[in-house]
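I opened the notebook to record what I looked up in this structure. The entries follow in the order I made them.

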Amino acid sequence: DGSYEALVYLAVMPALRGALANEWRVRESDVATRLLEAWRVPLPDALWTPLFSAQVMPRLASELAAWQPKPDAMPPHHWLHPWLPLLPPPGLSDLYPQLRHKLSTALGAMRATDAKTVALIAPWRTSLDAASWQGLVTRHVLPKLAHTLSQEFQINPAAQDVEPLVGVLAWSGVVMPIEGM
């Protein structure tokens with residue numbers, strides 16, 4: 001109903017926009033996601049989608065642009081994934097090109113056998129769309145793993161070092177194809 005929508009727009013939306021603009025810290029998503037979860041049912045779809053387009057997505061994009069994998073201890077899935085159930089279509093897909101770039105840059109600077117590398121990439125396995133995930137794995141992860149096996153792992157019965165192999169095998173559940181992809 002247009003009257004209800006107008007009432008909510010005039011009475012509620014300024015407070016919601018203000019809370020998101022002034023009180024929400026992007027890396028502390030819990031407060032904002034709880035607030036919007038509470039408003040999901042009473043807020044009309046015609047107001048819900050523009051709220052995300054104007055208030056949430058630009059802030060998430062800005063934070064992702066500022067994220068630097070080396071010095072930053074908090075990977076982006078910690079502050080982006082809480083939004084997945086709330087975001088209207090197309091979800092985070094507008095951020096995927098920037099995210100793929102950031103993740104591939106991080107991969108280039110990290111050792112494939114480092115558990116932090118796996119922990120950075122693995123959470124995106126089921127969040128990225130199939131093409132984005134396959135592109136990331138094919139162009140960046142698999143070549144890094146192949147390099148590790150060809151350059152860092154040698155069969156040596158006298159003094160076998162299996163650490164590079166163990167590091168590569170840690171990726172097995174991450175790089176394997178997902179059913180339905």
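Entry 1, the largest pocket. I looked up the volume of the largest pocket in this predicted model, and it came out at about 310 Å³. I then listed its lining and counted 15 residues. Pro69, Lys70, Asp72, Met110 and Lys116 are the ones that lie nearest the centre of the pocket. I asked which element gives the largest share of the lining. Helix H7, residues 115-121, does, with three residues. Sorted by class, the lining has nine nonpolar residues, five charged and one polar.

Entry 2, helices H1 and H2. Before going on I noted that two packed helices are described by the angle between their axes and the distance between the axes. Helix H1 covers residues 2-11, and helix H2 covers residues 13-22. I found their axes 4 Å apart, at an angle of about 40 degrees. H1 is therefore oblique to H2. On the H1 side I wrote down Val8, Tyr9, Leu10 and Ala11 as the residues making the contact. On the H2 side I wrote down Met13, Pro14 and Arg17. This contact of H1 with H2 has six nonpolar residues and one charged, with no polar residue.

I stayed with H2 and looked up its packing with helix H4, residues 45-66. The two axes come within 10 Å and cross at roughly 15 degrees. Angles under 35 degrees count as roughly parallel, so H2 and H4 are roughly parallel to each other. I noted the crossing of H2 and H4 as right-handed. H2 contributes Met13, Leu16, Arg17, Leu20 and Ala21 to the contact. H4 contributes Leu47, Leu51, Gln55, Val56 and Arg59. By class I have seven nonpolar residues, two charged and one polar for the contact of H2 with H4.

How far apart are the axes of H6 and H8? I found 10 Å, with a packing angle of about 10 degrees. H6 is therefore roughly parallel to H8. H6 runs over residues 96-109 and H8 over residues 130-152. From H6, I listed Tyr96, Arg100, Leu103, Ser104, Leu107 and Gly108. They meet Ser132, Leu136, His140, Val141 and Lys144 in H8. The classes in the contact of H6 with H8 are five nonpolar, four polar and two charged.

I asked which residues are joined by a cis peptide bond. They are Pro89 and Pro90, and omega is about 10 degrees. I placed Pro90 in the loop between helix H5, residues 77-80, and H6.

Key:
Residues numbered from 1 in each chain as written. Predicted model: local features only at pLDDT ≥ 70, side-chain atom pairs only at ≥ 80, totals over all residues. Heavy atoms only, no water. Axes fitted to C-alpha atoms, helices over the stretch in contact; angles between N-to-C directions. Parallel < 35°, antiparallel > 145°, perpendicular 65-115°, else oblique. Left-handed = near helix turned anticlockwise from the far one by under 90°. Contact = heavy atoms within 4.5 Å. Nonpolar A, V, L, I, M, F, W, Y, C, P; charged D, E, K, R; others polar. 1 Å grid on protein atoms, 1.4 Å probe; cavity = no way out; pocket = protein on both sides within 12 Å on 5 of 7 lines; lining within 4 Å. Points joined across faces, edges and corners; volume = space filled by probe spheres on them.
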